[in-house]
Amino acid sequence: MFGESATAAKAGPAFSEPERSAVQRAAAAAGFDAARFRAELRAFCRDQVPADIRTRMRQHQYFTREQRIRWQQLLQTRGWFIGHWPKAQGGAGWGPLQRFIFIEELERAGTPWLTHFGTSFLGPVLCAFGNDAQRARFLGPIRDSTEWWCQGFSEPGSGSDLASLKLRAERSGSHYRVNGQKTWTTMAQWADWIFCLVRTQAGGKPQQGISFLLIDLKSPGVTVRPIDTFDGGQHVNEVFFDDVEVPVEQRVGQEGDGWTIAKFIVGRERLLVTEIGKAWHLLGVLHSIAAARHDSPTFRRRTAELEVQFHSLRATAYAAVLEAEAGREHPVDASLLKIRGSELQQAIHDAITDLLARDGLAFQIEGLHGDLDGYRHGDPRLPGLLHEHLHSRAASIYGGSNEIQRGIIAKTALRV
Amino acid sequence: MDNDALQLFEETLARYNRERYDAGQWRDYGRLPQGHSPERWAELQAMGCFELLRPEHDDGAAPLADLLPLYAAAGEALWREPLATVFAEPVAIIGQVADPDRRRALLEGLITGAQPLGYAHRETGGDGLASTATRCAAGSTASWRLDGDKAMVIGADICNGFLVSAINAERGQPAMFLVDAAAPGLQLQRYRTIDDGVAADLRFAQSPAEWLCNGTAAIAAADARGVILAAAEALGMMRGANRDSAEYLRERRQFGQPLLGFQALQHRLVEMLMRQRECEALVASVAEAFDHAAPALSRQVLVLRVQVARALRHITREAVQLHGGMGVTQELRIGRYYRRALMLDSLHGSADQALEALSEHP
Ligand SMILES: Cc1cc2nc3c(=O)[nH]c(=O)nc-3n(C[C@H](O)[C@H](O)[C@H](O)COP(=O)(O)OP(=O)(O)OC[C@H]3O[C@@H](n4cnc5c(N)ncnc54)[C@H](O)[C@@H]3O)c2cc1C
């Protein structure tokens, strides 16, 4: 079941995976055929990925900005990139189930991560809270991947306690003057625009004084400074705002709506953070490496454990998706999926690394971005897989840490 | 070392770390062509650290226990200098050399710094730590030739020679050889490792070699010594990671209070501290067993490896998590501890591997 077939059988019971009948029924009710849709996505990922991107996928290398854009545009030739937007805005009006299957299959095939900031976050926000002028200005370039967005929520002093954020936006005439700093901004180095939570009003309940602003990163007074991370990358950034003028028309919703919009973003994408397709893909990688090597009872037991976790999580994810499709929400699901999804990803990476470690953990970072010029130690995937391992440590930190998620479950399920 | 001497030594090392090994210095040393600081290396020797290897009696061995503080200091500040080439596996292998004059000469080469040695045992493709496919053949009893590949030799740049395990085609038993770093037919390929260190792969083609001793016992002794010293290093890393994490949570405020005020986080730190404490006790006891050549030493070493590997991976993982975004930056040493923990598993075997060996061990 894990793709790289011969090895999968060896590692445990091969799962056949007919589409579950509950999934098929829900899909039919939503007007699509789940099995056919999945098959179509698999064929697309098998046949349509450009050769240069496929090479990087195989080597677990880092994709360039241009490759990511090209891939997103290719998906949009089928209308899939914004399939989850309302039909009125050019989307296909997918519900949570179809969107989930779409993302699951892309991840499972190991295709480039979709930069969700525009398509998954801002797009739906503009559809729900924006005005016509904003939709007309911003949705097209997101659909076409011609404008790249990033998310400016966190600040140095406001991580888990997001509501305490301080980036100041003071109204002066038809503009806001923005002063302060965001941090950990993913891919700001590649972005054209940033959507920000800003403080438009001091005092009162902290959540109330927050507004949602769209800011052109080319505006005078904006500085983006990369942060070196321990995975050998530079993909998060500090973004500084020094008296940046932002037209009032670039505020989404009313002043004070920022917190509501932020919660809307979290709610919309809460199921996708499971990254179940990615776990699936990584299990395939694990099995392919294990098959090429001495395998042992201890290791077989460990992969069996991962298989148990994987299937439990996938079942839970689909249960949650079916609830969402029916317009309901279980109080535990969203946070559970975030916690278990990140834990599983990390556990698979631990197992992969333990295997690779037997041949020595070289970390030739240049190999992340293309073939090495000179000598290469070990598996060609080594730089990419180690980079991904280290990066996976952040999966339990970003987007609301696992500690914060457990706090949320305590609040909602235990009502403490 | 008696208690007073030990305390003095620990204070000296702590000062050394404060003055010579802050985060900025760590970064600078890594940018040097060797990947470490030759100046620091010379200073360690000048401080008399290498003398810790000098046996009290001509035929004895210096106690391994005396090296634990040195390795703990190295772990805490993440020294880049290749300590292993002097203090770890080579000492154990030299100890197996039968000819006393040769043995003394090789040890003297380590202590004076004249001849640090690289441990070239591991190979790729097998289960990493145990197998040897490198071949040796005797031209005559005095002159041997080696053919094959060795992987991830630490400190290769500064070594004058390599201790190489190889199999004799006729006898099938591994033996240990000394190969001069400038030997004909020896090729060296350098690369960076996960802990931002430098290692090299070696290729031998009809390289002349000196036979030193039988391999099996030497390799076992070398690996045991390596595991114990790595455990001491891991202890230093645990102390550093635990101290940094507690301090960070004490300083960092969210929700209007220091994060250390949240009981959920206190318990996480407590678990980390408990694991550190258990490892401290175990390292000391296994080092003592090593020095007294205790029976069942090999099992004790495996137990140590399992416990320390698990604890270190747990602690470094938690330390990253508790630091939030800061934990995954290059700015703090927390991420470096995490990466070095992966490297120690790669060098000395993961907890899984050791547990497996333990369960199969007689
Ligand atoms: C790789 C990466 C990418 C990111 N991308 C973005 C981005 O694109 N845009 C953006 O806005 N942000 C981004 N972030 C920021 C991310 O959302 C924050 O790192 C996260 O919210 C945690 O905040 P912090 O780092 O300040 O940690 P802190 O809030 O300081 O937390 C430190 C530790 O304390 C724990 N903790 C905090 N409060 C509690 C509590 N009440 N109870 C128990 N434990 C608690 C945390 O879980 C954590 O373990 C990214 C972060 C990373 C690492």
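Predicted model: local features only at pLDDT ≥ 70, side-chain atom pairs only at ≥ 80, totals over all residues.
Let's start where the chains meet. Chain A brings 41 residues to the contact and chain B brings 43 residues. Together they bury about 3,500 Å², and carbon and sulfur atoms account for 56% of that area. On the chain A side, the residues that lose the most area to chain B are A:Phe230, A:Arg358 and A:Tyr375, which together make up 20% of what that side buries.

The polar side of this interface is worth a look too. There are 28 residue pairs in polar contact across it, counting pairs with both residues at pLDDT 80 or more. Sorted by class, the chain A side has 15 nonpolar, 16 polar and ten charged residues.

Charge pairing also spans the two chains, with five salt bridges found across the interface. One example you can pick out is A:Asp350 with B:Arg313, whose closest N and O atoms are 3.1 Å apart.

A local example joins the side chains of B:Arg40 and B:Glu43, at 2.7 Å from N to O. These two residues sit three residues apart in helix α3 (residues 38-46) of chain B, so about one helical turn separates them. Both B:Arg40 and B:Glu43 are buried.

Other pairs reach further along the sequence. B:Arg80 and B:Asp196 form a salt bridge with an N to O distance of 3.1 Å. The two are 116 residues apart: B:Arg80 is in the loop between α4 (68-77) and α5 (84-87) of chain B, and B:Asp196 is in the loop between β6 (186-192) and β7 (198-214) of chain B. B:Arg80 is buried at 12% relative accessible area, whereas B:Asp196 is partly exposed at 24%.

B:Arg102 and B:Glu210 make a salt bridge as well, at 2.7 Å from N to O. Because B:Arg102 lies in helix α7 (residues 100-111) of chain B and B:Glu210 in strand β7 of chain B, this pair ties together parts 108 residues apart in sequence. B:Arg102 is partly exposed, with a relative accessible area of 27%, and B:Glu210 is partly exposed, also with 27%.

Finally, salt bridges that share partners join A:Arg302, A:Asp350, A:Asp354, B:Arg305, B:Arg313, B:Arg317, B:Asp345 and B:Asp352 into one network.

How values were computed:
Residues numbered from 1 in each chain as written. Chains lettered and ligands numbered in written order. Heavy atoms only, no water. Contact = heavy atoms within 4.5 Å. Buried area = accessible area lost by both parts, 1.4 Å probe. Salt bridge = Lys/Arg side-chain N within 4 Å of Asp/Glu carboxyl O. Polar contact = N/O pair within 3.5 Å; in protein donor to acceptor, adjacent residues only side chain to side chain. Nonpolar A, V, L, I, M, F, W, Y, C, P; charged D, E, K, R; others polar. Helix = DSSP H or I, 4+ residues; strand = E, 2+ residues; numbered from the N terminus. Buried < 20%, exposed > 50% of the residue type's maximum accessible area, 1.4 Å probe, protein only.
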